[in-house]
Amino acid sequence: MTRSESAIVHGCQPSCASSPCQNGATCVEYWGSYMCDCVNPFAHSGKNCETNININAMTVVTPGSYYHHKNEGNETNPVLEKDILLNFRTFEKEGILLYAFDHYNNFVQLHFANKKVYFTFNSDQTVYQLHAEAQGLSKGLPVQIKVERQLQRTTLFVNDKNSSADVVIKFVGKYFRMPWRQNQELETVFPPRGTYRTIDHNEMFLGHVGSGTSTNFTKSGFVGCIQGFMIGDKLFDLEAAALTDNADAKNGDLAPGCAMLCDSLPCHNHGLCIEHWKDNTTSCDCSLTSYTGEACQKDIGGNFDGYTLLTYSFQGEEISDEMRADMAVRLAFSTDAKAAFQVLLFIQLQERRYILFGLAEDNALFVEERITTNIIRRKAMTSNTWSDNNRHWFYFSWKAGIVNLIVDGKTYNPFIQVIETSSETYEGIPNLLYVAGLPKEMNKREYGSFKGCISNIMIEFGNLKLMPLETAFGYKKGSLDKIKVDGTVNERKCAAFAQLSQLMATLPSNIPPEIQGLEWFPEPLVTADYKSVFADMEMTPLESISRTSNRVAAVMGVMLLIVVLALLLYIYRIHRRHKRERLGEDIQMYSRRGKRRPTTCAERAKAVSFSQEDERIDDDYDEGDLPLVGYPKTPLPNVLNFPKPPFGTTEPNGKGIILQPDGQVDSVEIIPLRSTSSQELEWDPTGAQLVSTALEDMDPEEPEKPGDNESYDEDTPLPQLKNQFAPLASASEVTINRLSQTFA
């Protein structure tokens, strides 16, 4: 194994440590060498990107100014066939950058319009055109252009975009007054073309065209700076062109260099800086910032508590239908509240026409417009979270029937929903607007009121601008009579954008507030979850085992408690069951009676039958309170058989009946007694005494024996009445008397 001593150096010495790269280039470390990655490889060159051809520049100060270069002779102008390199900055929407032609009408042209850069040229008698989008166009940012001409191919580069066409470079070699056979509509600049050929010459214009050359493309001309103009490998001196004293070469106001005041970033909050080269001043376009003021720093807002409603009347303003057709609305807001629908702004244009702006719970911004009997709801689904307490804004315009909706700087094509409301009767008061809610009599759809901060409300009808919050807080004198506030609204500045809020949070606390940002205002307190300082500390193995043991012990304790409670519940239920069983046994013992010994017919007649409904036993009834009378558990038959002595023929009506000694008896039909309410409530003391006497003769422990003067007949139905008792109060006096008369 070998080594090279020259390839090894002592220590760690990065080659990029000295920042050798220039003009914003990035240094790529190769540990011993480096390479600079130039920001603009078309205009920057050299090992360290130290060469910048864009330093050589010319500023077109006023519209219509241009530089004109003319050569006589048959020599071809190299701009017609060589590569072209050019950089420009402007705030204009369209303009001509370069136009060159010769006496045969061969030409090349560079112009911009519709956020694109176009390169137009001819190949023989056919006109071709290439175009590419230009990022930063009309915003004062540099736009780099390169036209690469090859024999069989032409390519247009615009920043990082490109477009190409396989077209042969071929010139027209003969003069024609109408030189083009195909695509002549692509020609927008027309040099003077007479009946006869002129002298051999070629011309070039920068910034605009003139000297007999006309155009139908633009009238105002280019205003801005052109820099780094190179034809082939030669740099055209633009500064010298701007300083020339040749009246034929210079028209209007041209200035050397490209020193722009907007490079100092005078506009804040992403405002667009517009350079006024003629006056050497700048202005800021704040229309897409949600701020106002000369430098896009002004923020006039109010804090709404969810119950406050601000009403603004502009009934004194004359607004025509044309002005209503040219309308724009913009406002900013910040909130931490979450609600289904929150109303930001409501504008009553006519009696049956309004526009409502609100927030939906699915992070959507909806614009609801009512026109006569229909409601058109436009809904822009965004990826934002309204309740993040950061600054949000929207811009809505309705111009010539075209709707434009921008939310947080992004253009949306909203989803449109048409709602039929012909059954609803609605009429509002024209030229009124409501901020942060709706009156109760108008809120039929139960939209919620807004809770948070709303600022910089601006409604434009043509050239008329309405600013209700500035009027409410007294920034416009003599207009307080237009404002009505139901509730309380406090003036404040709304929150900043999310990126700015994060930047402010990283600044050291010892920096004074006046230099921490453009404007400072204390934000409301926000509830944050508590996090212990020991939450991220690592535990030792012993602490981990101890914590685990404590958790296991706690779980086992809970399980043991559950088992004990279940056991106590089980014991309680067993005890309760045992008590019920003992109670049932006691009831059976008290209800059970011994066998009654046979009695005479007269005594048997004292047994009483009851209806089946009387079998119910009340738990609150004490059987020892009253004398009991035996009754069957099963319903008595319709016929009760009692022993009956035979009747003699000589003894009418049964008088003097003598019972037969042999016990031969016939049956006597007894009709069951019907229990009535009056009978059940009657009390018969005589019957109670008879039944009590019969009960006293019963002994539950004494075996049943037949009497001395009677025989025991087991077939008689009376044994069915033994050990069955009923309260004597249930037997009526009528029942006892009938039984007594029967066996008297």
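Visitor: Does Thr155 count as buried or exposed, and why?
Guide: Keep in mind that this is a predicted model. The general idea is a cut-off: buried means under 20% relative accessible area. Thr155 has a relative accessibility of 9%, so it counts as buried.

Visitor: Where does Thr155 lie, and what does it touch?
Guide: Look in strand β13, which spans residues 154-158. Leaving aside residues up to four places away in sequence, Thr155 touches Leu130, Lys146, Val147, Glu148, Asn162, Ser163 and Ser164.

Visitor: How do β1 and β2 pair?
Guide: Check the sense and the bridges. β1 (residues 26-29) pairs with β2 in the antiparallel sense, over four bridges. One of the partners to look up is Tyr34 in β2, bridged with Glu29. The two strands form a hairpin with four residues between them, and Trp31 in the turn has a positive phi of about 50 degrees.

Visitor: And which residues make the nonpolar surface patch?
Guide: Leu560, Leu561, Val564, Leu565, Leu567, Leu568, Tyr570, Ile571 and Ile574 make it, over about 900 Å². Take Leu567, found in helix α5 (residues 541-591). Leu567 counts as partly exposed because its relative accessibility is 49%.

Conventions. Residues are numbered from 1 along each chain as its sequence is written. This is a predicted model: local features need pLDDT of at least 70, side-chain atom pairs count only at pLDDT 80 or more; totals for chains, interfaces and linings use all residues. Side-chain values use heavy atoms; hydrogens and water are left out. Buried means under 20% relative accessible area, exposed over 50%, partly exposed in between (1.4 Å probe, protein chains only). Contact means heavy atoms within 4.5 Å. Two strands pair if DSSP finds at least two bridges between them. Patches are made of residues with over 30% relative accessible area and no salt bridge: like charges are joined within 9 Å, nonpolar side chains (Val, Leu, Ile, Met, Phe, Trp, Tyr) within 5 Å. Accessible areas come from the Shrake-Rupley method with a 1.4 Å probe; for residues, only the protein chains shown count as cover. A salt bridge is a side-chain nitrogen of Lys or Arg within 4 Å of a carboxyl oxygen of Asp or Glu.
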